[in-house]
Amino acid sequence: STNFTVIHTGIHTTYDGAMLHLWGCNWKWMNAAATMDDLYQVTPNTLLEFDFMSDGEQAEVNGVGLAGHTNIDVFVFGPEVFFQIYGRQTFSNQTYRNYPGSGWKHYEIPVGQYTTNAFYAFVIANEADAGQDTSVYYRNLRLVENYWLRAAIRDSDGDGSSDWEEG
């Protein structure tokens with residue numbers, strides 16, 4: 001006889017889909033393209049941008065990736081397109097694994113420096129198969145092109161002059 005543990009998992013979107021709340025153990029796919037025939041082409045200037053917060057127990061893996069197929073096996077889509085940001089275990093790219101453990105943290109990942117493949121979906125992870133009481137939020141998930149231009153016109157200190165103008 002085999003014993004199975006039921007792990008409560010869930011997903012909830014808020015703010016007209018701009019924020020995703022995950023708890024339990026789950027990997028979610030969100031379309032980045034309308035159809036498989038209309039893949040999003042990552043360029044060297046593509047930035048993956050989002051905000052992340054955890055207000056529950058730490059999961060094994062939290063992060064975001066991109067998949068160019070419909071296979072739901074997370075180990076098939078390739079480690080070069082998944083970025084772990086938090087968690088007790090190690091999975092895939094660790095460059096941005098620096099979440100402090102509480103509060104919102106903004107991530108800007110120059111995904112075009114890691115791959116220039118075409119993609120169909122975002123892959124969002126809250127791996128907690130040990131049954132932790134996890135609760136994580138991802139918001140404002142998007143791909144941005146020519147992010148260097150946006151950085152040039154950003155006004156970080158709020159004085160009305162762009163960072164580019166201030167040199």
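**Reading the core, the sheet and single residues**

Analyst: The largest nonpolar core has 26 residues, and those with the most contacts inside it are Leu48, Phe50, Phe52, Leu66, Ile85 and Tyr138. A nonpolar core is a set of buried Ala, Val, Leu, Ile, Met, Phe, Trp, Tyr and Cys residues joined through side-chain atoms within 4.5 Å. Buried means under 20% relative accessible area, exposed over 50%, and partly exposed in between (1.4 Å probe, protein chains only). Two or more residues of this core come from each of β2 (19-23), β5 (47-54), β6 (61-67), β7, β8 (105-109), β10 (121-127) and β11 (136-144). Another core, of 7 residues, lies apart from it and includes Val61, Phe82, Phe91 and Val123.

User: On what kind of model do these values rest, and how are residues numbered?

Analyst: This is a predicted model, in which local features need pLDDT of at least 70 and side-chain atom pairs count only at pLDDT 80 or more, while totals for chains, interfaces and linings use all residues. Residues are numbered from 1 along each chain as its sequence is written, and side-chain values use heavy atoms, with hydrogens and water left out.

User: How many helices and strands does the protein have, and in what order do the elements run?

Analyst: Helices (H or I, at least four residues) and strands (E, at least two) are DSSP runs, numbered from the N terminus. The protein has 2 helices and 11 strands. From the N terminus, the order is β-β-β-β-β-β-β-β-β-β-β-α-α.

User: How should I read a sheet, and which strands stand at the edges of the open one?

Analyst: Strands of a sheet pair through backbone hydrogen bonds, either parallel or antiparallel. Two strands count as paired if DSSP finds at least two bridges between them. Here an open sheet of 4 strands has the order β3-β10-β6-β7, with antiparallel pairing. Its edges are β3 (26-31) and β7, each with a single partner strand, so one side of each is left without a neighbour in the sheet. Direction ignored, neighbouring strands of this sheet are turned by 15° against each other on average. Within it, β6 and β10 pair in the antiparallel sense over 7 bridges, and Val64 stands opposite Ile124 in β10.

User: What does β2 pair with, and why is β2 described as largely enclosed?

Analyst: β2 pairs with β11 in the antiparallel sense over 4 bridges, and His21 stands opposite Tyr137 in β11. β2 is largely enclosed by the rest of the structure because 4 of its 5 residues are buried.

User: Let us turn to single residues. Where is Gly63, and is Gly63 buried or exposed?

Analyst: Gly63 is found in strand β6 and is buried, with a relative accessible area of 0%. Gly63 and Ile124 are 61 residues apart along the chain, yet their C-alpha atoms are separated by 6.0 Å. Beyond its neighbours within four places in sequence, Gly63 is in contact with residues including Phe82, Phe83, Gln84 and Tyr138.

User: Which side chain does Gln132 meet in a polar contact?

Analyst: A polar contact is a pair of N or O atoms within 3.5 Å; within protein, one must be able to donate a hydrogen and the other to accept it, and residues adjacent in sequence count only if both atoms are side-chain atoms. Gln132, in the loop between β10 and β11, makes such a contact with the side chain of Glu60 (3.0 Å) through its own side chain. At 6% relative accessibility, Gln132 counts as buried.

Methods
Axes are lines fitted to C-alpha atoms, for helices over the stretch in contact, and angles run from 0 to 180 degrees between N-to-C directions. Contact means heavy atoms within 4.5 Å.
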